[in-house]
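Hi,

Here is the structure I said I would pass on to you. Have a look first, and my notes follow below.

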Amino acid sequence: MLGVELTGSEVRVIELQRHPGSEAPVVTAVGMDRVDSPAALAPEARLAAQADALRRCILNAGAKARRVALAVPQTAVLSAVAPFEGGLSEEALELRVMLEAEHHLSAALDTVALDFERLGPRSDGREDVLLVACRKEVVAEQRALAEAAGLQAVAVDVEGYALWRALGEARSPREGEDRVTALFLLGPGALQLFAYRGAHLLYARSDAVGYGEEAMVSEAALAAYLEAAPAQAERALASLYGAQPTLVIDEVAVAGAGAALPGVMAALEGRLGRPCWITDPFLRMALGPCVDASLLAAQAPALMVACGLALRGGTV
């Protein structure tokens with residue numbers, strides 16, 4: 001399975017294979033490529049440029065898979081946890097979800113793609129169900145990108161859920177069962193906060209605080225980001241505590257390409273007053289012969305979403 005993440009100016013791919021009887025998947029291909037000025041292009045030209053970059057990326061990485069999973073941004077989805085009668089079959093629950101989703105999500109069902117997931121029983125005998133909706137055109141854009149690149153989109157996921165899947169690979173399996181994790185995703189255009197309790201996404205927030213290419217080459221731009229990003233991270237956590245005053249955060253993890261910028265981790269820890277750790281979902285995975293271990297380790301925080309998407313695949 002190929003996991004494909006498309007940011008504003010870059011495409012990232014991870015190919016994983018999981019063999020019968022193996023405990024961990026094998027990383028068989030890794031790739032990253034630039035998308036030239038996508039925001040300045042008309043929609044059709046932008047799609048063509050993104051598809052070209054995706055094809056190049058896959059070719060250069062040596063990936064063989066043509067079945068792909070992609071993700072829509074967390075900001076593009078509506079979600080809600082709703083109680084339903086316990087013991088319903090999958091078909092009966094799906095019917096109930098279709099009947100009640102508009103009430104819980106405040107969205108017209110004819111305009112959105114809808115999915116749901118059982119979260120588990122409640123103390124009153126009912127069952128919590130996660131409802132997720134995204135505008136149909138946003139999902140269609142992801143499928144069109146895959147088709148234009150000659151690929152088969154077998155899943156369109158949500159960014160926050162893909163991150164959680166990769167987070168489970170970045171730490172000991174027992175650590176995440178009931179822990180509350182605050183995960184910062186430091187991207188070129190935004191700083192995002194995701195809060196998880198075990199496998200449940202509790203909170204998500206995105207703020208337009210990005211590092212841009214200038215931070216890679218300019219000391220002044222890097223210094224400005226090292227000032228702005230930790231301050232915004234502190235405000236994001238304050239917003240989380242405001243929404244859930246009794247929440248206790250057990251750990252703070254950091255992902256995204258921005259995690260590798262010089263001084264970022266020290267600045268975050270200093271501002272938040274607590275230790276933070278950089279995510280690496282490949283720690284327990286085997287590497288194929290064409291994968292550079294040192295390069296993968298350096299890029300690991302930036303590949304979290306793509307990895308989480310690739311983890312949707314089964315055995316081969």
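A search of the whole structure turns up 18 salt bridges, where a salt bridge is a side-chain nitrogen of Lys or Arg within 4 Å of a carboxyl oxygen of Asp or Glu. Before the details, some ground rules: this is a predicted model, in which local features need pLDDT of at least 70 and side-chain atom pairs count only at pLDDT 80 or more, while totals for chains, interfaces and linings use all residues. Residues are numbered from 1 along each chain as its sequence is written, and side-chain values use heavy atoms, with hydrogens and water left out.

**Salt bridges**

Side chains of opposite charge can pair when their charged atoms come close.

E127 pairs with R118, and here the closest N and O atoms are 2.8 Å apart. E127 is buried, with a relative accessible area of 10%, whereas R118 is partly exposed at 28%.

Then there is R312 with D157, at 3.1 Å between the closest N and O atoms. This pair links distant parts of the chain: R312 sits in the segment after helix 9 (304-310) and D157 in strand 8 (residues 152-158), 155 residues apart. (Helices, H or I of at least four residues, and strands, E of at least two, are DSSP runs numbered from the N terminus.) R312 is partly exposed at 41% relative accessibility, while D157 is buried at 6%. Salt bridges that share partners also join R122, D124, R126 and D128 into one network.

**Pockets**

The largest pocket holds about 850 Å³ of space. A pocket is an open set of points on a 1 Å grid over the protein atoms alone, where a 1.4 Å probe fits, with protein on both sides within 12 Å along at least five of seven lines; lining residues have an atom within 4 Å of a point. Grid points are joined across faces, edges and corners, and the volume is the space filled by probe spheres set on them.

Of the 37 residues lining the largest pocket, L6, T7, G8, P73 and Q142 are closest to its centre. Helix 3 gives the largest share of that lining, 5 residues. By class, the lining splits into 21 nonpolar, 11 polar and 5 charged residues (Ala, Val, Leu, Ile, Met, Phe, Trp, Tyr, Cys and Pro count as nonpolar, Asp, Glu, Lys and Arg as charged, and the others, Gly among them, as polar).

The second largest pocket has a volume of about 620 Å³. The lining has 18 nonpolar, 1 polar and 7 charged residues.

**The whole chain**

The chain has 9 helices and 14 strands. Its C-alpha trace spans about 55 × 45 × 45 Å along the principal axes. Buried residues make up 48% of the 316 residues.

Cheers

Key: Buried < 20%, exposed > 50% of the residue type's maximum accessible area, 1.4 Å probe, protein only.
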